[in-house]
Amino acid sequence: MAFSCVTRNVFSVLPLLVILTITPQSSSFSPSDKVTTELLNQLCAKPPIDNITFCVWQTSYAITVALDLGGLVDMVLEKTRVFGNMNLSAMKELAAATTTDPYLKNTYEICVIDYELAVTAIEGAQVFARSKSYALVPQAASKALDIISSCEADLKDLKNLGAYSIRNSVFEKMCNIGSGFSNVLTS
Ligand SMILES: *[C@@H]1O[C@H](CO)[C@@H](O)[C@H](O)[C@H]1NC(C)=O
Ligand SMILES: *[C@@H]1O[C@H](CO)[C@@H](O)[C@H](O)[C@H]1NC(C)=O
């Protein structure tokens, strides 16, 4: 009699235990989670990402090629690195083409160095992501962001170039996407 009562209690407690062990996993993310439209919309809504449309636009390719979340972080960082290198080339060309305004030329040259450092920081983030040290990725990405913000501030100081600094925002937004996606893997 007593035995069957204990058995019944175990069986009534079991579903609760199952729920308790599943719940924490369903509220966090794992590098092996398949990327879906739903997951992207969820991730792209997280700070420091500030433009869901841009974020989904830049990342939805991951669904097409069936990446998991770990692969998605790698893809975002690689895109960020490629954009940074394109921007680096653009800044080099601008510096070389600017011959009549030494102050402007100097600012472009500073931005060339900034982009070199920012790309190096993103390459560091890539090393961290590949070794699944996701907590270190946002640190490296925010370092890259800070460096390019300083280039942007220098360009903004040149009043006649006010609108130009907007061109850095693609790189900055990509840094934030890399940080945001890595953050969910550590929380
Ligand atoms: C968000 O990104 C989209 C796509 O790049 C762009 O068209 C839109 O202007 C951006 N919105 C804001 C508020 O920056
Ligand atoms: C950086 O690259 C992006 C992506 O190609 C481009 O849209 C942006 O204008 C570039 N910015 C600069 C400052 O070269």
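These are my notebook entries on a predicted model of one protein chain with its ligands.

**Ground rules**

I count residues from 1 along each chain as its sequence is written, and chains are lettered from A and ligands numbered from 1 in the order in which they are written. Since the model is predicted, local features need pLDDT of at least 70 and side-chain atom pairs count only at pLDDT 80 or more, while totals for chains, interfaces and linings use all residues; side-chain values use heavy atoms, with hydrogens and water left out.

**Entry 1: the whole chain**

I started with the elements and found 8 helices and 0 strands. My helices (H or I, at least four residues) and strands (E, at least two) are DSSP runs, numbered from the N terminus. Read from that end, the order is α-α-α-α-α-α-α-α.

Next I looked up burial: 38% of the 187 residues are buried. Buried means under 20% relative accessible area, exposed means over 50%, and partly exposed is in between (1.4 Å probe, protein chains only). The chain exposes about 10,400 Å², and carbon and sulfur atoms supply 63% of that. Accessible areas come from the Shrake-Rupley method with a 1.4 Å probe, and for residues only the protein chains shown count as cover.

I also checked contacts (heavy atoms within 4.5 Å). Of those with a separation of 6 or more, 72% join residues 24 or more positions apart.

**Entry 2: how confident is the predictor?**

The pLDDT is the predictor's confidence in each residue, from 0 to 100. The chain averages 87, and 81% of the residues score at least 70. Confidence is highest in helix H3 (residues 52-59), with a mean of 98, and lowest in helix H1 (residues 2-26), with a mean of 51.

**Entry 3: ligand 1**

Which residues are around ligand 1? I got Asn51, Phe54 and Trp57, where near means that a heavy atom of the residue lies within 4 Å. The protein buries 35% of the 360 Å² that ligand 1 exposes when taken alone. One of its oxygen atoms is 2.5 Å from an N or O atom in the side chain of Asn51.

**Entry 4: ligand 2**

Here I counted 9 surrounding residues, with Met86, Asn87, Ala90, Arg167 and Asn168 the closest. On its own ligand 2 has 370 Å² of accessible area, and the protein covers 79% of that. An oxygen atom of ligand 2 is 2.3 Å from an N or O atom in the side chain of Asn87.

Which helix gives the largest share of this shell? Helix H5 (residues 69-97) does, with 5 residues. By class I wrote down 6 nonpolar, 2 polar and 1 charged. Ala, Val, Leu, Ile, Met, Phe, Trp, Tyr, Cys and Pro count as nonpolar, Asp, Glu, Lys and Arg as charged, and the others, Gly among them, as polar.

Met91 is in helix H5. Why is Met91 called buried? Because its relative accessibility is 2%. Its C-alpha atom is 5.6 Å from that of Val112, 21 residues apart along the chain.

Ala95 also belongs to helix H5, and Ala95 counts as buried because its relative accessibility is 6%. Leaving aside neighbours within four places in sequence, Ala95 contacts Lys105, Tyr108 and Glu109. The C-alpha atoms of Ala95 and Glu109 are separated by 5.8 Å.

Gln126 lies in helix H6 (residues 102-130). At 7% relative accessibility, Gln126 is buried. Beyond its neighbours within four places in sequence, Gln126 touches Leu77, Glu78 and Arg81.

Note on methods. Polar contact = N/O pair within 3.5 Å; in protein donor to acceptor, adjacent residues only side chain to side chain.
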